[in-house]
Amino acid sequence: MKRSIILSAGLALIGTTALAASSDLMTSVPASSLTVTDWYKQDVYDPSNAKIGEVMDVLIGPSGQVSSVIVGVGGFLGAGEKDVAVSFNAIKKATKNDKVYLTMDTTKDALRHAPGFKYDSAKTTWVPDASNNNGKS
């Protein structure tokens with residue numbers, strides 16, 4: 001008898017936990033949802049269609065909203081590249097030839113002169129890059 005009571009209590013607890021977890025589940029995705037792949041590792045262009053950088057990371061604030069992106073500018077094959085932070089709202093997404101097309105109303109030169117950042121793997125965050133904040137790339 002004790003065994004069946006304990007088993008019943010355990011099953012009731014599992015059922016309650018499963019029910020609580022299911023409240024976070026969604027039955028549909030909001031139509032306005034966008035995917036990170038629409039930004040991450042995508043090229044960014046200026047208004048005259050010249051490539052000015054590439055999105056290196058998408059940063060999410062404490063509330064879960066995307067706040068900013070890290071754009072890599074300059075360099076060749078990753079060498080000499082500078083990573084700068086820009087507001088997520090500064091990048092506009094469009095579709096061109098059935099592909100994601102990102103633009104910013106700025107120039108490559110302006111990005112090169114912006115403060116640089118580097119990823120600190122110990123802190124798992126982007127921090128100012130003192131070696132790359134002199135306006136040169």
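A salt bridge is here a side-chain nitrogen of Lys or Arg within 4 Å of a carboxyl oxygen of Asp or Glu. The structure, a predicted model, holds 2 salt bridges.

**Figure 1. Overall arrangement of the secondary structure.** The protein contains 2 helices and 8 strands, which follow one another along the sequence in the pattern α-β-β-β-β-β-β-α-β-β. Of its 137 residues, 25% count as buried. The protein exposes about 9,600 Å², of which carbon and sulfur atoms supply 58%. Among contacts between residues at least 6 apart in sequence, 37% join residues at least 24 apart.

**Figure 2. The salt bridge between Asp-38 and Lys-93.** The closest N and O atoms of Asp-38 and Lys-93 are 3.7 Å apart. Asp-38 is buried, with a relative accessible area of 16%. Lys-93, in contrast, is partly exposed, with a relative accessible area of 36%.

**Figure 3. The salt bridge between Asp-43 and Lys-51.** The side chains of Asp-43 and Lys-51 meet in a salt bridge with an N to O distance of 3.2 Å. Asp-43 is partly exposed, at a relative accessible area of 28%. Lys-51 also counts as partly exposed, at 43% relative accessibility.

**Figure 4. The hairpin of S1 and S2.** Strand S1 and strand S2 (residues 51-60) run antiparallel and are joined by 3 bridges. The hairpin has 5 residues between the strands. Asn-49, which lies in the loop between S1 and S2, has a positive phi of about 70° although it is not a glycine. Asn-49 is partly exposed, with a relative accessible area of 43%.

**Figure 5. The hairpin of S2 and S3.** Strand S2 pairs with strand S3 (residues 66-73) in the antiparallel sense, over 6 bridges. Within this pairing, Asp-57 stands opposite Ile-70 in S3. There are 5 residues between S2 and S3, and Gly-64 in the turn has a positive phi of about 95°.

**Figure 6. Asn-97 in the loop between S5 and S6.** Asn-97 is found in the loop that lies between S5 and S6. The phi of Asn-97 is near 55°, a positive value in a residue other than glycine. With a relative accessible area of 69%, Asn-97 is exposed.

Figure 7. Thr-106 is placed in the loop between strand S6 (99-104) and helix H2 (108-112). Because its relative accessibility is 18%, Thr-106 counts as buried, the cut-off being under 20%. Leaving aside neighbours within four places in sequence, Thr-106 is in contact with Asp-46, Pro-47, Ile-52 and Leu-111.

How values were computed. Residues numbered from 1 in each chain as written. Predicted model: local features only at pLDDT ≥ 70, side-chain atom pairs only at ≥ 80, totals over all residues. Heavy atoms only, no water. Buried < 20%, exposed > 50% of the residue type's maximum accessible area, 1.4 Å probe, protein only. Pairing = 2+ DSSP bridges. Helix = DSSP H or I, 4+ residues; strand = E, 2+ residues; numbered from the N terminus. Contact = heavy atoms within 4.5 Å. Areas by Shrake-Rupley, 256 points an atom, 1.4 Å probe, with all protein chains shown as cover.
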